[in-house]
Structures are given as structure tokens and as C-alpha cells.
Amino acid sequence: MTLYIENVNAWYGRHQVLHDAHVGSLEAGTMVGVIGPNAAGKSTLVKALMGLVKTTGKMQWVHEDGRIFQGRALRNISGYVPQDLPGGVALSAFESVAISAQRYAGLGTPRGSALQRASDACEELGIAAIADRNLANLSGGQRQLVSIAQVVAAHPQILLLDEPTSALDIHRQVQVLNFMHHIARQDHALVLIVLHDLNLAARLCDRIVVVAGGEITHAGLPHEVITSAVIRDTYELHVEVLNHRGLPLVCPIGAVGSIDAES
């Protein structure tokens with residue numbers, strides 16, 4: 001199963017954010033990290049796949065039996081964790097996850113009942129202890145974990161996560177990203193995840209997509225994409241990229257044009 005993203009344009013009103021964004025094909029069973037500077041279009045790419053912004057171009061999920069999912073059909077097999085989580089919802093954490101599990105619309109037969117899938121997701125993400133607490137009374141990090149559990153419990157074919165670990169400490173970040181990688185493998189799903197930490201992206205993602213200036217500038221394996229030249233051009237930052245056990249390790253030096261970086 002393959003997701004094709006080709007020549008995608010996206011607008012907020014009259015303001016165009018994505019310009020002929022072309023990733024090509026992304027395979028099921030992989031976790032893809034989307035990186036790039038602020039306001040580059042990373043979130044817009046995810047929203048385009050969910051039909052949340054006006055778009056043109058090709059966004060198709062091609063199933064192994066030849067079926068093609070696009071538009072509403074694509075959204076029905078996708079799960080989305082937004083960057084800005086809603087507040088003021090009068091539900092417990094578990095209720096919100098169970099409701100999401102009941103909306104299952106993926107391919108094949110879901111494993112177990114909605115309540116069981118909700119319970120499993122809470123256990124796997126370490127939030128069972130807060131399952132009975134109201135969402136409004138949770139911290140930002142706890143609500144992020146609940147939001148991820150909502151998506152995981154639905155067992156979608158495509159998981160779209162926009163900075164899902166921004167409010168988590170490093171231990172939780174690694175735990176969640178390892179778990180999402182496991183979900184991609186176990187469920188033969190595609191996980192597309194927006195990240196800012198280049199080293200976590202390099203170590204835990206199978207492929208990397210770089211968004212800059214509303215365009216897809218690079219896409220490939222971590223060692224192909226996360227290089228000193230790409231980071232300099234994308235972030236205006238001088239770095240040294242080391243090889244650590246076959247994977248790139250980014251060591252910042254200084255901003256382009258700064259005295260420290262040039263010395």
C-alpha cells in the first residue's frame with residue numbers, strides 16, 4: 001500500500017502555502033519524519049491530506065488490491081493528531097479515546113471491541129492511570145498522549161501527527177516515537193509525523209521529508225537528507241553531522257553569518 005503526494009498546492013483563503021509539493025511515494029509499514037523551519041508548510045502538508053485546507057494535486061492511497069482512496073475516502077482511513085489540541089471538552093480521557101475507537105473506518109476488521117482498543121491504547125501510551133480524569137484537568141503533555149491514543153485506538157491506515165511530542169519530556173518523546181514506529185510495522189500502516197528534533201527524526205524515522213518555503217526540497221533516507229549542506233540551506237545553520245552507528249548525528253555550530261560559526 002502506497003501514499004502518493006504529487007504536485008500539491010494548498011491555500012489558506014487567497015494565501016498559497018504549498019507550491020507543487022512533490023514527495024512521490026510513501027510506503028505502508030514505515031514512519032516518515034517531516035522536518036523544516038517554522039512556517040515552512042509542514043502542518044499545511046498534513047492538513048492538506050486531511051482535507052482541512054483548499055488543495056489541488058495528487059494525494060492518493062493505493063491499496064494492494066488496486067483500490068484508490070482520495071478525497072473523503074482518504075480522510076476516512078486516516079487518523080490526525082493536530083498541533084493545537086482542543087480544550088474545554090467535558091469528557092474523561094478514556095471516554096474521548098473510546099469515542100474515537102468507535103469511529104473506526106479503516107481497511108479490514110478491527111481487533112477487538114472499541115472499549116478494548118481504547119483500553120489497550122491507554123495502556124500502551126502509559127495513560128491508564130489518568131483515564132478517568134477530565135480532559136480539561138490534564139496537562140498539555142497528558143492531553144497530547146490522549147490525543148495520540150485516540151488515533152491509535154482507531155487503527156487507521158495512515159496516521160498523521162503534527163508535532164505530537166512538543167509538550168513531552170525527552171523520555172516520553174522517545175517512548176512515543178518508538179511506539180509509533182512499532183505501530184507502523186505491526187499494523188502495516190503509514191505514520192507521517194512532523195518533528196523539530198533532527199536527531200530524533202534521524203534515529204527513529206525510516207524516511208525524512210524536508211519542507212522549506214512551501215516546497216518539498218528533499219526526501220529520502222535519513223543519511224541522504226540530514227546533511228550539513230541541507231541543514232545549512234534549510235535552517236540557515238552551520239552544523240557538523242557525525243556518523244553514529246550508521247545514522248546522522250547533528251551537532252549545531254552556529255547560525256549562518258554569526259561570528260562563532262565562521263570562526
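Student: How many aromatic pairs does the count come to by the ring rule?

Tutor: The rule pairs rings of Phe, Tyr and Trp (its six-membered ring) if their centres lie within 6.5 Å, with planes under 30 degrees apart called stacked, over 60 edge-to-face and the rest tilted. By that rule, the count here is zero aromatic pairs. Keep in mind that this is a predicted model, where local features need pLDDT of at least 70, side-chain atom pairs count only at pLDDT 80 or more, and totals for chains, interfaces and linings use all residues. Residues are numbered from 1 along each chain as its sequence is written, and side-chain values use heavy atoms, leaving out hydrogens and water.

Student: Which charged ends sit over the rings of Trp-11 and Tyr-4?

Tutor: A charge sits over a ring if NZ of Lys or CZ of Arg is within 6 Å of the ring centre and within 35 degrees of the ring normal. Lys-54 has its charged end over the ring of Trp-11, 5.3 Å from the centre. Over the ring of Tyr-4 you'll find the charged end of Lys-58, 4.9 Å from the centre.

Student: What is the order of the strands in the open sheet?

Tutor: In general, strands of a sheet pair through backbone hydrogen bonds, either parallel or antiparallel. Here, two strands pair if DSSP finds at least two bridges between them; helices (H or I, at least four residues) and strands (E, at least two) are DSSP runs, numbered from the N terminus. The six strands of this open sheet go β7-β8-β9-β4-β10-β11, with mixed pairing. β7 (78-81) and β11 (215-220) are at the edges with a single partner strand each, so one side of each has no neighbour in the sheet.

Student: How many bridges join β7 to β8?

Tutor: Four, and the two strands run parallel. For Val-81, the bridge partner in β8 is Leu-161.

Student: Is Thr-165 buried or exposed?

Tutor: Buried means under 20% relative accessible area, exposed over 50%, and partly exposed in between (1.4 Å probe, protein chains only). Thr-165 is in the loop between β8 and α6, and its relative accessibility of 6% makes it buried. Contact means heavy atoms within 4.5 Å. Apart from neighbours within four places in sequence, Thr-165 has contacts that include Gln-144, Val-176 and Leu-195.

Student: Which residues of helix α9 are buried?

Tutor: In α9 (residues 228-235), they are Val-230, Ile-231 and Thr-234.
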